[in-house]
Amino acid sequence: MALSQSGSTRDHWSSRSAFILAAIGSAVGLGNLWRFPAEAGANGGGAFVLFYIGCVVLIGLPILLSETLIGRHGQASAPESVRRVASASRASPHWDILASMGVLAAFLILSFYCVVGGWVLYYIGVFFVDIFNSGISGGAFTDQSAEQIESLFPTMIGSAGWTVGLDALFLGITLYFVARGVSGGIEFVAKWLMPAFFVLLILITVYGAFGGAFNQTLEYLFTFEPEKLTGPIMLAALGQAFFSLSLGVAGMITYGSYVGRNVNLASTSALISGADTAVALIAGLCIFPIVFSAGLSVSAGPGLMFQTLPHAFQEMPFGSVVGLAFFVMVGFAALTSSVALLEVPVAWMIDKFRVVRVFSAIIVGFGALVLGALAALSFNVLSDWHPLDFIPIFEGQGFFDVLDGLTAKFFMPIGAILTALFIGWVADRKLVDIENGLGGALHLTWLALVRFVCPIALAAILVVGLLPEEE
Ligand code: PFF
């Protein structure tokens, strides 16, 4: 346990680079590799991608700085950190609602995130077995038909035993590292897995680029067709930006609370959001050429990574090795994010009930297992259960989709609006100036974004996204 600058014994990151790696580890995850390409593909490519980048720069980055600032000043769990900033600003302690909602949202996301983490484990196993069966030099899944490969995914998610079991396994691995603490567990995972992740990502992208269809991918991802930019697509891009940067759910407040005084939060936040966006774009450049050159469709949505992509590995030289490397890479990214998600409610519980970390991790983990099992079962035995059928935008959706939609469409944007209002209008200016590490014109730009652009744009996109789509 490192001693903080303030002399307290609260666990801290051992260095600035440890914080950067852990925060990038939190940001880079299934959101970048699974959700971003799926959403971009399902929402028409370029218009979605460019609007997404706009959301990251104008809304995501200012909020990321606001969240880390609250955490670093508070040096406590997310709600307590907000209360400390509020108290130093002589504001109402009830602003802590923004972080309490975040703790709940992080817990809900964790529950369905580990279900998808479990699917990744399944594919690691599938490619591992395939290497034994087909050898390493040929493509993956020799002698199997397209239907057989594509049926792997529905067969797996259709099985209650597989989905719940793998969810529990992924959650168990996450719990192990969170229980070991900030510098001993979370930092350890980030320090080893993130560099390995980057090496694999670059290798697979370069490999895919040689397979052709790179120009087609560039054109697909970066051609801006403004007429495609509908309300729901804008909300999807915003929700994706928030999910990807781990914002609006108190995650970055929590990680910021382990940062020492000597770290410049502005440049660090810029680095984190730059790296996260770069990984999302590289993931697009990695996945789409593979899919395009196999002549497959990019608009499969959530099935893109688990159904379309394995199929593409069949034709590829060394397909089973590349497939295994790909899913190991996704697994690493998912684990550094699930660890961050679990840390948010665990840190809250430690502060609130003065319990030891291991106990807190086990209790939260158990809760996430129950909710996660319900989400996993919504693909099989509970597929007819549509818990929010009475709300039009959730009509016909199973529990997994409800958790995903609730957090991305409500909790995250609302949490972010409250954060922007709190830091932009309520928090003491001197405190904010000291914490944010910005000077001159940059400071004013940030303040203008947090005060006006973020709340107005977030509220507008929230409303537009919820309006029924014109036929
Ligand atoms: N940013 C992660 C991803 O893109 O997969 C998901 C996430 C992690 C969201 C941690 C929120 C969080 F606090």
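This is a predicted model: local features need pLDDT of at least 70, side-chain atom pairs count only at pLDDT 80 or more; totals for chains, interfaces and linings use all residues.
The ligand is surrounded by 17 residues. Those closest to the ligand are G29, G31, S246, G251 and S337. By class, 9 residues of the shell are nonpolar and 8 are polar, while none is charged. Several helices contribute to this shell: at least two residues come from each of α1 (16-27), α2 (30-42), α5 (97-134), α10 (231-244) and α14 (319-353). With 4 residues, α14 provides the largest share of the shell.

The largest nonpolar core consists of 167 residues. Helix α5 accounts for the largest share of this core, namely 21 residues. Within the core, A106 and A237 have the most contacts. When neighbours within four places in sequence are left aside, the contacts of A237 are with F48, F51, Y52 and C55.

Residue A91 lies in the loop that runs between α4 (78-88) and α5. A91 has 17 other C-beta atoms within 10 Å. Because a residue counts as buried at 20 or more such atoms and as exposed at 12 or fewer, A91 is classed as partly exposed. Not counting residues up to four places away in sequence, A91 touches A86 and V426. The separation between A91 and L169 is 78 residues in sequence, and their C-alpha atoms are 44 Å apart in space.

Notes:
Residues are numbered from 1 along each chain as its sequence is written. A residue is near a molecule or strand if its C-beta atom, placed from the backbone, lies within 6 Å of it. Ala, Val, Leu, Ile, Met, Phe, Trp, Tyr, Cys and Pro count as nonpolar, Asp, Glu, Lys and Arg as charged, and the others, Gly among them, as polar. Two residues are in contact if their C-beta atoms, placed from the backbone, lie within 7 Å. A nonpolar core is a set of buried Ala, Val, Leu, Ile, Met, Phe, Trp, Tyr and Cys residues joined through C-beta atoms within 7 Å.
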